[in-house]
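Subject: Structure handover

Hello,

Here is the structure we talked about handing over.

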Amino acid sequence: MKLCMIGTGYVGLVSGVCFSDLGNEVICVDKDKNKIDNLKKGIIPIYEPGLEELVLKNYKNKRLNFSSNLKDSIKKSDIVFICVGTPTKKNSNSADLTQVFSAAKEISKSINKFKIIINKSTVPVTTGDEIEKIISRKVNKKFFSVASNPEFLREGEAIRDFIYPDRVVVGSNDNKSKKILKNLYSPLISKGAKYVSTNRRAAELIKYASNAFLATKISFINEIANLCEKTNIDVEDISIGIGLDKRIGSRFLRAGPAYGGSCFPKDTKAIVSTADKFKINLSIIKSVIKSNNLRSHLLLKRLNLIMKNKIKNKTISFLGVTFKANTDDMRDSSSLKLIPYLSKKGAKIKYYDPTGSKKEFKNLKNVEFSSTIQESITGSDLVIIHTEWNDFKSINFKKFSKNKKLIIYDMRNIFSPTKIKKIGLKYFGIGR
Ligand code: UGA
């Protein structure tokens, strides 16, 4: 099939490349001409393991193309995916749909034969109805169908999540597009992916409800971890003990810093805001947002305790600053709260991240990037393991054990407390 992806951000680029790899002809479109020129040269705008290889392979075999000519790309395609950003509106919690609606307007000008318009951007329920209204102002409804096909790709795991999804969700209100979309996903269905076909609004809500539920699970275990710290219990035992109950499930029960990234913080706020419009109080999700906002304060309070309130002039090494491993994404990372606080308190911060130095810390006093793990740890009073990169799991702390005052604060529980203590270093984790 001939596909057009509007937007070469995370969702559009990964989905477009993967669809081309499944045998479709795909044009990824972006109004940023520079980005398109770079993609044609094989320069990938985001850090995502495996993506570059897949882009090069499919661009070379001509199933994948890049363009900044939207009209022409839409005309050439059978299916048009809207994959643009839906950030939080300024001074509000709701999603800003400007880019989605402007894509819909552009599409309405270029429908030259029957097309399916699929919204892949994360949007509040009923947005598909709005898209349909916008297009029908210019085009007769028999020439197009609007569907919703949310993505469930995790940054850092996006290619695998696309190829081996737990499920594919497609929401459409007509049988013609339902049939075509099932056919589009048939290579994944035949490999065992579950296919969930719903009406359009249900698919939109499944996306928000999924992210809100996962955020709830994380906040739940984070709060249980707080209790574990006071009762001398290891939260890892609790995660295993409850996660083995199939009704609960073991994934997303890793206690840690506040959850971050471009999705959970934004989408939990947006679903609450949508529900408010319908006069529905999503009190659980509201509590989750509050709990997560408080999380960084709690960790800083514990950090003060660990350092016996003596942070001034201490050297603190941060290992990993992104919101999670395998990404260079800093959006809503808890390090953005922790590092500025510590710098203000007079600490000297040395941070190392496998994805390099970060502009977010450029103007902070006494914060500098270390080019190796060793450099970051050497001479520090405290090491904070902030992100769970594999590179950190193999650190041999024995090498640093001459420095008896060294304290490890393992915010991802990747080390065994007993092993670290045996070396003679002080160890603190989360919920243990
Ligand atoms: C999330 C969802 O997992 C994807 O399914 C979804 O498609 C995506 O949002 C989106 O809406 O686009 P992502 O933001 O890439 O994906 O990251 P996650 O792996 O979900 O992690 C989010 C945050 O939760 C991170 O800060 C991570 O460290 C934290 N987390 C995750 C925990 O603290 N504990 C866990 O057990 C899992």
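The notes below cover the ligand and its surroundings, then the cavity search.

Please keep in mind that this is a predicted model.

Ligand

The ligand is surrounded by 19 residues, and the closest of them are E151, E155, K207, N211 and R254. Sorted by class, this shell holds nine nonpolar, two polar and eight charged residues. Helix 10 (200-231) and helix 12 (264-277) each contribute at least two residues to the shell. Helix 10 gives the largest share, which is three residues.

- E151: a polar side-chain atom lies 2.7 Å from an oxygen atom of the ligand.
- F152: a polar backbone atom is 3.2 Å from an oxygen atom of the ligand.
- R254: a polar backbone atom is 2.8 Å from a nitrogen atom of the ligand.

On its own the ligand would expose 710 Å², and the protein buries 95% of that area.

Cavity

Searching the whole structure turned up one cavity of 30 Å³ or more. The volume of the largest cavity is about 60 Å³. Its lining consists of N119, K120, S121, T122, V123, S148, P150, E151, E204 and K207. By class, the lining residues are two nonpolar, four polar and four charged.

Regards

Notes:
Residues numbered from 1 in each chain as written. Predicted model: local features only at pLDDT ≥ 70, side-chain atom pairs only at ≥ 80, totals over all residues. Heavy atoms only, no water. 1 Å grid on protein atoms, 1.4 Å probe; cavity = no way out; pocket = protein on both sides within 12 Å on 5 of 7 lines; lining within 4 Å. Points joined across faces, edges and corners; volume = space filled by probe spheres on them. Nonpolar A, V, L, I, M, F, W, Y, C, P; charged D, E, K, R; others polar. Near = heavy atom within 4 Å. Polar contact = N/O pair within 3.5 Å; in protein donor to acceptor, adjacent residues only side chain to side chain. Areas by Shrake-Rupley, 256 points an atom, 1.4 Å probe, with all protein chains shown as cover. Helix = DSSP H or I, 4+ residues; strand = E, 2+ residues; numbered from the N terminus.
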